[in-house]
Amino acid sequence: MESEVIENLKQIVGEDWVINDLSKMQSYLYDETEPLLRPEASEDCVVVKPGSPEEISDILKYANRILMPVVARGGATGVCAGTIPIKPGIVLSLERLNEIVELDEKNLMITVESGVTLGDLLKFLSKESKLFFPIHPGDEGAQIGGMVASNAGGSKAVKHGIMRNHVKALEVVLPTGQIVTFGGKLIKNNAGYDLLHMMIGSEGTLGIITKATLKLYPTNKYSGTLLVSFNTRREACDAVPEILQEGILPLAVEYMDRIVAVKTAEKLGTIWPVTEGSIDLMFVLDEHTEDELYSNSEKIVEICEKYNSVGSIIAETAKEQRNILEIRSAAYDSYKEILADVLDTAVPPSSVPDFFDDIAALAEKYNNDIVSLGHIADGNIHNFIMGENGKIPPYYEDLMVDIYKTAIKYGGTITAEHGTGKTKKKHLYIQFSEGEIQIMKGIKKAFDPNGILNPGTIVD
Ligand SMILES: Cc1cc2nc3c(=O)[nH]c(=O)nc-3n(C[C@H](O)[C@H](O)[C@H](O)COP(=O)(O)OP(=O)(O)OC[C@H]3O[C@@H](n4cnc5c(N)ncnc54)[C@H](O)[C@@H]3O)c2cc1C
(Lines give C-alpha, C1' and ligand atoms only; values in the text may rest on other atoms or scores of the structure.)
Protein backbone atom coordinates (compact mmCIF):
# COMPACT_ATOMS: atom_id res chain seq x y z
CA MET A 1 0.00 0.00 0.00
CA GLU A 2 1.38 3.40 -0.96
CA SER A 3 2.86 5.33 1.95
CA GLU A 4 0.90 8.45 0.98
CA VAL A 5 -2.39 6.57 1.49
CA ILE A 6 -1.26 5.29 4.88
CA GLU A 7 -0.18 8.78 5.97
CA ASN A 8 -3.51 10.28 4.93
CA LEU A 9 -5.45 7.59 6.81
CA LYS A 10 -3.30 8.19 9.91
CA GLN A 11 -4.19 11.89 9.65
CA ILE A 12 -7.87 10.94 9.82
CA VAL A 13 -7.95 8.30 12.60
CA GLY A 14 -4.62 8.75 14.38
CA GLU A 15 -1.44 6.67 14.07
CA ASP A 16 -2.51 3.98 16.56
CA TRP A 17 -5.54 2.99 14.51
CA VAL A 18 -3.89 2.14 11.20
CA ILE A 19 -2.28 -1.27 10.62
CA ASN A 20 -0.22 -1.91 7.54
CA ASP A 21 2.25 -4.48 8.82
CA LEU A 22 1.25 -7.71 7.04
CA SER A 23 1.88 -9.98 10.05
CA LYS A 24 -0.47 -7.85 12.20
CA MET A 25 -2.96 -7.46 9.36
CA GLN A 26 -3.37 -11.20 8.67
CA SER A 27 -6.10 -11.68 11.26
CA TYR A 28 -8.16 -8.95 9.53
CA LEU A 29 -8.16 -10.51 6.08
CA TYR A 30 -10.44 -13.53 6.47
CA ASP A 31 -13.74 -14.44 8.08
CA GLU A 32 -15.43 -17.76 8.98
CA THR A 33 -15.95 -18.86 5.37
CA GLU A 34 -14.76 -22.48 4.96
CA PRO A 35 -11.02 -22.33 4.26
CA LEU A 36 -11.46 -24.60 1.22
CA LEU A 37 -14.00 -22.26 -0.34
CA ARG A 38 -12.89 -18.76 0.50
CA PRO A 39 -11.26 -16.51 -2.09
CA GLU A 40 -7.68 -15.35 -1.65
CA ALA A 41 -7.49 -12.02 0.22
CA SER A 42 -5.42 -9.22 -1.26
CA GLU A 43 -2.47 -8.57 1.03
CA ASP A 44 -2.04 -5.10 -0.42
CA CYS A 45 -4.42 -3.69 2.16
CA VAL A 46 -4.43 -1.37 5.12
CA VAL A 47 -6.59 -1.90 8.20
CA VAL A 48 -8.19 1.23 9.62
CA LYS A 49 -10.11 1.44 12.91
CA PRO A 50 -12.16 4.63 12.98
CA GLY A 51 -13.61 5.91 16.26
CA SER A 52 -16.60 7.89 14.95
CA PRO A 53 -19.00 8.28 12.00
CA GLU A 54 -17.21 11.55 11.18
CA GLU A 55 -13.90 9.72 10.77
CA ILE A 56 -15.64 7.12 8.58
CA SER A 57 -17.07 9.96 6.52
CA ASP A 58 -13.56 11.39 5.97
CA ILE A 59 -12.21 7.93 5.07
CA LEU A 60 -14.96 7.36 2.50
CA LYS A 61 -14.55 10.84 0.97
CA TYR A 62 -10.85 10.15 0.60
CA ALA A 63 -11.35 6.61 -0.76
CA ASN A 64 -13.87 7.93 -3.28
CA ARG A 65 -11.41 10.59 -4.42
CA ILE A 66 -8.62 8.07 -5.07
CA LEU A 67 -11.07 5.28 -6.11
CA MET A 68 -9.87 2.88 -3.42
CA PRO A 69 -12.01 -0.12 -2.35
CA VAL A 70 -13.30 -0.17 1.25
CA VAL A 71 -14.46 -3.39 2.93
CA ALA A 72 -16.41 -3.08 6.20
CA ARG A 73 -15.42 -5.62 8.83
CA GLY A 74 -17.75 -6.44 11.72
CA GLY A 75 -17.26 -9.52 13.90
CA ALA A 76 -16.00 -11.46 10.83
CA THR A 77 -18.24 -14.43 11.65
CA GLY A 78 -19.75 -14.32 8.14
CA VAL A 79 -19.54 -17.47 6.03
CA CYS A 80 -19.84 -16.11 2.47
CA ALA A 81 -16.54 -14.20 2.29
CA GLY A 82 -18.30 -10.82 2.71
CA THR A 83 -15.44 -9.32 4.74
CA ILE A 84 -12.60 -10.71 2.63
CA PRO A 85 -10.91 -7.90 0.66
CA ILE A 86 -10.20 -9.36 -2.78
CA LYS A 87 -8.73 -6.13 -4.18
CA PRO A 88 -6.06 -3.84 -2.73
CA GLY A 89 -7.78 -1.34 -0.45
CA ILE A 90 -8.96 -0.36 3.02
CA VAL A 91 -10.31 -2.85 5.57
CA LEU A 92 -12.58 -0.73 7.76
CA SER A 93 -12.88 -2.40 11.16
CA LEU A 94 -15.88 -1.19 13.18
CA GLU A 95 -14.61 -2.58 16.51
CA ARG A 96 -14.13 0.83 18.19
CA LEU A 97 -17.76 1.84 17.66
CA ASN A 98 -18.81 -0.22 20.65
CA GLU A 99 -21.03 1.98 22.81
CA ILE A 100 -24.57 1.20 23.95
CA VAL A 101 -26.13 4.57 23.14
CA GLU A 102 -29.61 4.40 24.70
CA LEU A 103 -31.88 1.84 26.33
CA ASP A 104 -35.42 3.12 25.69
CA GLU A 105 -37.66 0.80 27.72
CA LYS A 106 -40.80 2.86 27.12
CA ASN A 107 -40.55 2.28 23.38
CA LEU A 108 -39.11 -1.25 23.84
CA MET A 109 -36.03 -0.24 21.81
CA ILE A 110 -32.28 0.05 22.19
CA THR A 111 -29.80 2.12 20.17
CA VAL A 112 -26.25 0.82 19.85
CA GLU A 113 -23.17 1.64 17.83
CA SER A 114 -22.60 -0.86 15.06
CA GLY A 115 -19.44 -2.43 16.56
CA VAL A 116 -21.27 -3.65 19.69
CA THR A 117 -21.14 -7.45 19.62
CA LEU A 118 -24.23 -9.60 20.07
CA GLY A 119 -22.60 -11.07 23.20
CA ASP A 120 -22.13 -7.60 24.72
CA LEU A 121 -25.69 -6.57 23.87
CA LEU A 122 -27.12 -9.71 25.51
CA LYS A 123 -24.93 -9.23 28.60
CA PHE A 124 -25.99 -5.58 28.90
CA LEU A 125 -29.69 -6.42 28.60
CA SER A 126 -29.58 -9.28 31.10
CA LYS A 127 -27.98 -6.91 33.65
CA GLU A 128 -29.85 -3.68 32.96
CA SER A 129 -33.31 -4.63 31.70
CA LYS A 130 -36.20 -7.08 31.73
CA LEU A 131 -36.28 -6.81 27.94
CA PHE A 132 -34.43 -9.08 25.55
CA PHE A 133 -33.22 -9.13 21.95
CA PRO A 134 -34.11 -12.37 20.15
CA ILE A 135 -31.95 -12.61 17.00
CA HIS A 136 -29.14 -15.10 17.50
CA PRO A 137 -27.07 -16.18 14.49
CA GLY A 138 -25.00 -18.71 16.43
CA ASP A 139 -21.78 -16.80 17.09
CA GLU A 140 -22.03 -14.04 19.71
CA GLY A 141 -18.90 -12.40 18.32
CA ALA A 142 -21.07 -11.06 15.47
CA GLN A 143 -21.47 -7.29 15.62
CA ILE A 144 -24.84 -5.55 15.37
CA GLY A 145 -23.69 -3.71 12.22
CA GLY A 146 -22.63 -7.02 10.63
CA MET A 147 -25.90 -8.65 11.65
CA VAL A 148 -27.85 -5.80 10.02
CA ALA A 149 -25.63 -5.83 6.93
CA SER A 150 -26.12 -9.58 6.52
CA ASN A 151 -29.78 -9.61 7.68
CA ALA A 152 -28.96 -12.39 10.15
CA GLY A 153 -31.50 -15.11 10.87
CA GLY A 154 -30.73 -17.94 13.28
CA SER A 155 -32.71 -20.41 15.28
CA LYS A 156 -35.23 -18.06 16.92
CA ALA A 157 -36.72 -16.79 13.64
CA VAL A 158 -39.69 -19.13 13.99
CA LYS A 159 -41.07 -16.99 16.80
CA HIS A 160 -39.39 -13.64 16.29
CA GLY A 161 -38.48 -13.33 12.62
CA ILE A 162 -35.12 -12.17 11.35
CA MET A 163 -32.91 -9.11 11.79
CA ARG A 164 -34.99 -7.16 9.23
CA ASN A 165 -38.02 -7.37 11.55
CA HIS A 166 -36.11 -5.74 14.41
CA VAL A 167 -34.26 -2.79 12.88
CA LYS A 168 -36.15 0.47 13.41
CA ALA A 169 -33.47 3.02 12.46
CA LEU A 170 -29.93 3.09 11.11
CA GLU A 171 -27.24 5.73 11.00
CA VAL A 172 -25.25 5.16 7.82
CA VAL A 173 -22.23 6.76 6.19
CA LEU A 174 -22.73 6.77 2.44
CA PRO A 175 -19.78 6.29 0.07
CA THR A 176 -19.85 10.06 -0.64
CA GLY A 177 -19.16 10.68 3.06
CA GLN A 178 -22.70 11.91 3.77
CA ILE A 179 -23.95 10.80 7.22
CA VAL A 180 -27.68 9.94 7.10
CA THR A 181 -30.31 8.37 9.36
CA PHE A 182 -32.87 6.03 7.82
CA GLY A 183 -36.04 5.18 9.79
CA GLY A 184 -36.82 6.16 13.39
CA LYS A 185 -38.39 4.91 16.61
CA LEU A 186 -41.58 4.32 14.71
CA ILE A 187 -44.03 1.46 14.49
CA LYS A 188 -45.39 2.78 11.19
CA ASN A 189 -43.49 4.76 8.57
CA ASN A 190 -44.55 4.91 4.94
CA ALA A 191 -42.77 7.98 3.56
CA GLY A 192 -40.92 7.58 0.25
CA TYR A 193 -38.92 4.53 -0.80
CA ASP A 194 -37.77 2.39 2.12
CA LEU A 195 -34.04 3.11 2.27
CA LEU A 196 -33.80 1.58 5.75
CA HIS A 197 -34.71 -1.83 4.39
CA MET A 198 -32.44 -1.32 1.39
CA MET A 199 -29.50 -1.14 3.81
CA ILE A 200 -30.51 -4.30 5.71
CA GLY A 201 -28.81 -7.23 4.00
CA SER A 202 -26.70 -4.98 1.75
CA GLU A 203 -23.46 -6.64 2.98
CA GLY A 204 -21.34 -3.50 3.08
CA THR A 205 -21.98 -2.65 -0.58
CA LEU A 206 -24.22 0.44 -0.18
CA GLY A 207 -23.03 2.22 2.97
CA ILE A 208 -21.30 1.80 6.33
CA ILE A 209 -23.71 1.27 9.23
CA THR A 210 -22.58 3.17 12.32
CA LYS A 211 -25.62 3.02 14.64
CA ALA A 212 -28.75 0.86 14.90
CA THR A 213 -32.01 1.18 16.82
CA LEU A 214 -33.43 -2.27 17.54
CA LYS A 215 -36.74 -3.62 18.80
CA LEU A 216 -36.80 -5.46 22.17
CA TYR A 217 -39.27 -7.86 23.81
CA PRO A 218 -40.32 -8.69 27.37
CA THR A 219 -38.47 -11.74 28.65
CA ASN A 220 -40.57 -14.85 29.24
CA LYS A 221 -39.81 -16.44 32.59
CA TYR A 222 -40.23 -20.13 31.87
CA SER A 223 -38.15 -22.01 29.34
CA GLY A 224 -37.66 -25.64 28.46
CA THR A 225 -36.02 -27.75 25.77
CA LEU A 226 -37.70 -30.77 24.29
CA LEU A 227 -36.06 -33.43 22.13
CA VAL A 228 -38.26 -35.69 20.01
CA SER A 229 -36.82 -38.52 17.89
CA PHE A 230 -38.06 -40.09 14.66
CA ASN A 231 -36.99 -42.84 12.31
CA THR A 232 -37.51 -40.88 9.09
CA ARG A 233 -36.96 -37.32 7.93
CA ARG A 234 -40.45 -37.13 6.42
CA GLU A 235 -42.21 -38.04 9.67
CA ALA A 236 -40.16 -35.44 11.58
CA CYS A 237 -40.86 -32.73 8.97
CA ASP A 238 -44.57 -33.48 8.76
CA ALA A 239 -45.08 -33.05 12.51
CA VAL A 240 -43.91 -29.42 12.49
CA PRO A 241 -46.78 -27.67 10.60
CA GLU A 242 -49.38 -29.32 12.83
CA ILE A 243 -47.61 -28.01 15.94
CA LEU A 244 -47.68 -24.47 14.54
CA GLN A 245 -51.32 -24.85 13.43
CA GLU A 246 -52.16 -25.79 17.03
CA GLY A 247 -51.08 -22.26 18.01
CA ILE A 248 -47.86 -23.32 19.73
CA LEU A 249 -45.03 -20.96 18.82
CA PRO A 250 -41.70 -22.33 20.06
CA LEU A 251 -38.71 -20.00 20.31
CA ALA A 252 -36.82 -22.48 18.09
CA VAL A 253 -37.52 -25.70 16.19
CA GLU A 254 -34.26 -27.26 15.11
CA TYR A 255 -33.75 -30.37 12.98
CA MET A 256 -30.65 -32.58 13.26
CA ASP A 257 -29.54 -35.76 11.58
CA ARG A 258 -28.59 -37.94 14.59
CA ILE A 259 -25.14 -38.58 13.16
CA VAL A 260 -24.38 -34.85 13.51
CA ALA A 261 -25.56 -34.73 17.13
CA VAL A 262 -23.58 -37.81 18.16
CA LYS A 263 -20.37 -36.75 16.43
CA THR A 264 -20.57 -33.25 17.93
CA ALA A 265 -21.31 -34.58 21.42
CA GLU A 266 -18.29 -36.89 21.17
CA LYS A 267 -16.07 -33.97 20.18
CA LEU A 268 -17.32 -32.00 23.18
CA GLY A 269 -16.68 -34.97 25.48
CA THR A 270 -20.36 -35.42 26.32
CA ILE A 271 -23.22 -37.62 25.12
CA TRP A 272 -26.36 -36.96 23.12
CA PRO A 273 -29.16 -37.82 25.53
CA VAL A 274 -31.34 -39.94 23.19
CA THR A 275 -30.58 -43.17 21.34
CA GLU A 276 -33.87 -44.20 19.69
CA GLY A 277 -34.43 -43.23 16.05
CA SER A 278 -32.07 -41.45 13.67
CA ILE A 279 -33.52 -37.93 13.42
CA ASP A 280 -34.10 -35.38 16.18
CA LEU A 281 -36.31 -32.33 16.48
CA MET A 282 -35.29 -29.90 19.19
CA PHE A 283 -37.97 -27.52 20.47
CA VAL A 284 -37.02 -24.57 22.67
CA LEU A 285 -40.03 -23.10 24.44
CA ASP A 286 -40.24 -19.87 26.39
CA GLU A 287 -43.58 -19.09 28.00
CA HIS A 288 -45.20 -16.63 30.42
CA THR A 289 -46.29 -19.30 32.91
CA GLU A 290 -45.11 -22.73 34.05
CA ASP A 291 -48.52 -24.18 33.10
CA GLU A 292 -48.15 -22.95 29.51
CA LEU A 293 -44.68 -24.48 29.33
CA TYR A 294 -45.91 -27.91 30.46
CA SER A 295 -49.11 -27.96 28.45
CA ASN A 296 -47.33 -26.87 25.23
CA SER A 297 -44.59 -29.47 25.79
CA GLU A 298 -47.23 -32.18 26.25
CA LYS A 299 -49.11 -31.08 23.13
CA ILE A 300 -45.91 -31.19 21.07
CA VAL A 301 -45.15 -34.72 22.25
CA GLU A 302 -48.74 -35.82 21.47
CA ILE A 303 -48.62 -34.38 17.95
CA CYS A 304 -45.21 -35.93 17.28
CA GLU A 305 -46.56 -39.32 18.41
CA LYS A 306 -49.20 -39.04 15.67
CA TYR A 307 -46.24 -38.85 13.23
CA ASN A 308 -44.63 -41.97 14.71
CA SER A 309 -42.02 -40.35 16.96
CA VAL A 310 -40.01 -42.99 18.76
CA GLY A 311 -38.92 -41.13 21.90
CA SER A 312 -38.88 -37.79 23.66
CA ILE A 313 -37.21 -36.10 26.60
CA ILE A 314 -37.80 -32.77 28.29
CA ALA A 315 -34.73 -30.98 29.56
CA GLU A 316 -35.90 -28.90 32.49
CA THR A 317 -32.84 -28.03 34.47
CA ALA A 318 -30.56 -25.31 33.19
CA LYS A 319 -27.72 -27.89 33.02
CA GLU A 320 -29.67 -30.37 30.87
CA GLN A 321 -30.79 -27.59 28.55
CA ARG A 322 -27.28 -26.20 28.28
CA ASN A 323 -25.90 -29.63 27.28
CA ILE A 324 -28.36 -29.99 24.38
CA LEU A 325 -28.06 -26.38 23.19
CA GLU A 326 -24.26 -26.49 23.34
CA ILE A 327 -24.19 -29.60 21.16
CA ARG A 328 -26.50 -27.94 18.62
CA SER A 329 -24.38 -24.76 18.62
CA ALA A 330 -21.09 -26.64 18.18
CA ALA A 331 -22.32 -28.82 15.28
CA TYR A 332 -20.81 -26.57 12.63
CA ASP A 333 -17.44 -26.29 14.36
CA SER A 334 -17.20 -30.05 14.82
CA TYR A 335 -17.45 -30.57 11.04
CA LYS A 336 -15.71 -27.44 9.87
CA GLU A 337 -12.31 -28.93 9.05
CA ILE A 338 -13.72 -31.57 6.69
CA LEU A 339 -16.32 -29.39 4.99
CA ALA A 340 -16.31 -27.97 1.50
CA ASP A 341 -19.35 -25.76 2.13
CA VAL A 342 -22.31 -25.15 4.44
CA LEU A 343 -25.44 -24.34 2.49
CA ASP A 344 -28.37 -22.33 3.78
CA THR A 345 -31.03 -22.80 1.15
CA ALA A 346 -34.66 -22.39 2.19
CA VAL A 347 -37.88 -23.69 0.69
CA PRO A 348 -41.47 -23.13 1.80
CA PRO A 349 -41.72 -25.16 5.04
CA SER A 350 -44.30 -27.57 3.56
CA SER A 351 -41.80 -28.52 0.80
CA VAL A 352 -38.99 -29.52 3.20
CA PRO A 353 -39.73 -33.30 3.08
CA ASP A 354 -39.62 -33.36 -0.75
CA PHE A 355 -36.53 -31.16 -0.75
CA PHE A 356 -34.87 -33.62 1.65
CA ASP A 357 -35.66 -36.52 -0.71
CA ASP A 358 -34.02 -34.62 -3.58
CA ILE A 359 -30.96 -33.85 -1.44
CA ALA A 360 -30.65 -37.55 -0.55
CA ALA A 361 -30.78 -38.42 -4.26
CA LEU A 362 -28.09 -35.82 -5.05
CA ALA A 363 -25.91 -37.09 -2.19
CA GLU A 364 -26.07 -40.53 -3.80
CA LYS A 365 -25.54 -39.24 -7.34
CA TYR A 366 -22.36 -37.34 -6.36
CA ASN A 367 -21.31 -39.81 -3.66
CA ASN A 368 -21.01 -37.05 -1.05
CA ASP A 369 -21.99 -37.83 2.58
CA ILE A 370 -24.16 -34.72 2.91
CA VAL A 371 -25.56 -34.31 6.44
CA SER A 372 -28.30 -31.90 7.42
CA LEU A 373 -29.42 -29.76 10.30
CA GLY A 374 -31.20 -26.47 10.58
CA HIS A 375 -34.13 -24.26 11.23
CA ILE A 376 -36.86 -26.59 10.02
CA ALA A 377 -39.90 -24.45 10.87
CA ASP A 378 -38.41 -21.75 8.61
CA GLY A 379 -37.80 -24.25 5.78
CA ASN A 380 -34.13 -23.30 6.20
CA ILE A 381 -31.90 -26.38 6.21
CA HIS A 382 -28.10 -26.30 6.43
CA ASN A 383 -26.70 -29.04 4.22
CA PHE A 384 -23.05 -29.80 5.00
CA ILE A 385 -21.14 -30.63 1.81
CA MET A 386 -18.07 -32.74 2.54
CA GLY A 387 -14.64 -32.00 1.13
CA GLU A 388 -12.62 -34.75 -0.56
CA ASN A 389 -9.09 -35.46 0.69
CA GLY A 390 -8.89 -31.97 2.13
CA LYS A 391 -10.01 -30.35 -1.13
CA ILE A 392 -13.16 -29.03 -2.78
CA PRO A 393 -14.57 -32.08 -4.66
CA PRO A 394 -14.15 -31.90 -8.46
CA TYR A 395 -17.94 -32.10 -8.96
CA TYR A 396 -18.63 -29.33 -6.40
CA GLU A 397 -19.86 -26.72 -8.89
CA ASP A 398 -22.30 -29.16 -10.58
CA LEU A 399 -23.61 -30.25 -7.18
CA MET A 400 -24.16 -26.64 -6.10
CA VAL A 401 -26.09 -25.81 -9.26
CA ASP A 402 -28.22 -28.96 -8.81
CA ILE A 403 -29.01 -28.13 -5.17
CA TYR A 404 -29.79 -24.48 -5.88
CA LYS A 405 -32.00 -25.37 -8.85
CA THR A 406 -33.81 -27.88 -6.65
CA ALA A 407 -34.49 -25.20 -4.01
CA ILE A 408 -35.76 -22.80 -6.68
CA LYS A 409 -38.01 -25.56 -8.09
CA TYR A 410 -39.92 -25.44 -4.78
CA GLY A 411 -40.08 -21.63 -4.77
CA GLY A 412 -37.05 -21.42 -2.49
CA THR A 413 -33.89 -19.34 -2.22
CA ILE A 414 -30.19 -20.11 -2.63
CA THR A 415 -29.42 -18.33 0.65
CA ALA A 416 -31.85 -17.76 3.52
CA GLU A 417 -29.53 -16.15 6.04
CA HIS A 418 -25.78 -16.31 5.30
CA GLY A 419 -26.00 -13.87 2.38
CA THR A 420 -24.71 -13.71 -1.17
CA GLY A 421 -21.26 -12.38 -0.34
CA LYS A 422 -18.50 -13.32 -2.75
CA THR A 423 -19.12 -17.07 -2.75
CA LYS A 424 -22.71 -17.13 -4.00
CA LYS A 425 -22.61 -14.13 -6.34
CA LYS A 426 -22.05 -16.36 -9.35
CA HIS A 427 -25.19 -18.37 -8.53
CA LEU A 428 -27.61 -15.44 -8.27
CA TYR A 429 -28.68 -16.09 -11.89
CA ILE A 430 -30.31 -19.32 -10.72
CA GLN A 431 -32.75 -17.33 -8.57
CA PHE A 432 -33.07 -14.05 -10.48
CA SER A 433 -33.70 -13.04 -14.09
CA GLU A 434 -31.20 -10.82 -15.91
CA GLY A 435 -33.71 -7.95 -15.54
CA GLU A 436 -33.79 -8.34 -11.77
CA ILE A 437 -29.99 -8.44 -11.55
CA GLN A 438 -29.84 -5.25 -13.65
CA ILE A 439 -32.14 -3.51 -11.12
CA MET A 440 -29.78 -4.59 -8.31
CA LYS A 441 -26.83 -3.17 -10.29
CA GLY A 442 -28.76 0.09 -10.71
CA ILE A 443 -29.34 0.30 -6.94
CA LYS A 444 -25.64 -0.30 -6.30
CA LYS A 445 -24.76 2.48 -8.76
CA ALA A 446 -27.23 4.92 -7.14
CA PHE A 447 -25.65 4.45 -3.69
CA ASP A 448 -22.04 3.89 -4.74
CA PRO A 449 -21.42 5.37 -8.21
CA ASN A 450 -17.68 4.63 -8.15
CA GLY A 451 -18.11 1.08 -6.85
CA ILE A 452 -15.70 1.53 -3.93
CA LEU A 453 -17.71 -0.42 -1.31
CA ASN A 454 -16.93 -4.13 -0.99
CA PRO A 455 -16.18 -4.92 -4.65
CA GLY A 456 -17.02 -8.43 -5.79
CA THR A 457 -19.93 -8.75 -3.34
CA ILE A 458 -23.58 -9.39 -4.41
CA VAL A 459 -23.23 -7.66 -7.81
CA ASP A 460 -20.41 -5.88 -9.66
C1 LIG B 1 -20.78 -21.02 14.05
C2 LIG B 1 -21.56 -20.05 13.20
C3 LIG B 1 -22.94 -20.16 13.15
C4 LIG B 1 -23.68 -19.26 12.38
N5 LIG B 1 -25.02 -19.39 12.36
C6 LIG B 1 -25.76 -18.49 11.69
C7 LIG B 1 -27.19 -18.56 11.72
O8 LIG B 1 -27.78 -19.47 12.30
N9 LIG B 1 -27.87 -17.59 11.06
C10 LIG B 1 -27.26 -16.57 10.39
O11 LIG B 1 -27.94 -15.69 9.84
N12 LIG B 1 -25.91 -16.51 10.32
C13 LIG B 1 -25.15 -17.42 10.95
N14 LIG B 1 -23.79 -17.33 10.90
C15 LIG B 1 -23.15 -16.29 10.06
C16 LIG B 1 -22.80 -14.96 10.78
O17 LIG B 1 -22.65 -15.13 12.16
C18 LIG B 1 -23.84 -13.89 10.50
O19 LIG B 1 -23.90 -13.64 9.10
C20 LIG B 1 -23.57 -12.55 11.22
O21 LIG B 1 -24.71 -11.75 11.07
C22 LIG B 1 -22.37 -11.79 10.68
O23 LIG B 1 -22.07 -10.71 11.56
P24 LIG B 1 -20.56 -10.16 11.65
O25 LIG B 1 -20.51 -8.95 12.52
O26 LIG B 1 -19.63 -11.23 11.99
O27 LIG B 1 -20.36 -9.68 10.13
P28 LIG B 1 -19.08 -9.81 9.22
O29 LIG B 1 -18.77 -11.22 8.92
O30 LIG B 1 -17.98 -8.98 9.77
O31 LIG B 1 -19.62 -9.09 7.89
C32 LIG B 1 -20.70 -9.61 7.17
C33 LIG B 1 -21.01 -8.64 6.00
O34 LIG B 1 -21.47 -7.40 6.51
C35 LIG B 1 -20.62 -6.31 6.14
N36 LIG B 1 -20.54 -5.43 7.32
C37 LIG B 1 -20.09 -5.74 8.55
N38 LIG B 1 -20.24 -4.69 9.38
C39 LIG B 1 -20.79 -3.68 8.64
C40 LIG B 1 -21.17 -2.34 8.92
N41 LIG B 1 -21.03 -1.81 10.13
N42 LIG B 1 -21.68 -1.60 7.91
C43 LIG B 1 -21.85 -2.13 6.66
N44 LIG B 1 -21.49 -3.39 6.35
C45 LIG B 1 -20.98 -4.15 7.33
C46 LIG B 1 -19.32 -6.95 5.75
O47 LIG B 1 -18.61 -6.17 4.80
C48 LIG B 1 -19.77 -8.28 5.18
O49 LIG B 1 -20.15 -8.15 3.84
C50 LIG B 1 -23.01 -18.23 11.64
C51 LIG B 1 -21.63 -18.14 11.70
C52 LIG B 1 -20.90 -19.03 12.46
C53 LIG B 1 -19.40 -18.89 12.49
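Visitor: Is Lys159 buried, partly exposed or exposed?
Guide: The model is a predicted one. The relative accessibility of Lys159 comes to 24%. Buried means under 20% and exposed means over 50%, so Lys159 counts as partly exposed.

Visitor: With which residue does Lys159 form a salt bridge?
Guide: The closest N and O atoms of the pair are 2.9 Å apart, and a salt bridge needs them within 4 Å.

Visitor: Which residue meets Glu254 in a salt bridge?
Guide: Glu254 sits in strand 13 and its partner in helix 11, 74 residues apart. Both side chains are buried. The N to O distance is 2.7 Å, and the partner is Arg328.

Visitor: How many salt bridges does the count come to?
Guide: One of them joins Asp448 and Lys444 at 2.7 Å, N to O, and both of these residues are buried. Glu102, Asp104 and Lys185 form one network through shared partners. By this rule the count is 19.

Visitor: Are helix 12 and helix 13 roughly parallel or roughly antiparallel?
Guide: Their axes are 10 Å apart and the packing angle is about 165 degrees. Angles over 145 degrees count as roughly antiparallel, so helix 12 is, relative to helix 13, roughly antiparallel.

Terms used: Residues are numbered from 1 along each chain as its sequence is written. This is a predicted model: local features need pLDDT of at least 70, side-chain atom pairs count only at pLDDT 80 or more; totals for chains, interfaces and linings use all residues. Side-chain values use heavy atoms; hydrogens and water are left out. Axes are lines fitted to C-alpha atoms, for helices over the stretch in contact, and angles run from 0 to 180 degrees between N-to-C directions. Helices (H or I, at least four residues) and strands (E, at least two) are DSSP runs, numbered from the N terminus. Angles under 35 degrees count as roughly parallel, over 145 as roughly antiparallel, 65 to 115 as roughly perpendicular and the rest as oblique. A salt bridge is a side-chain nitrogen of Lys or Arg within 4 Å of a carboxyl oxygen of Asp or Glu. Buried means under 20% relative accessible area, exposed over 50%, partly exposed in between (1.4 Å probe, protein chains only).
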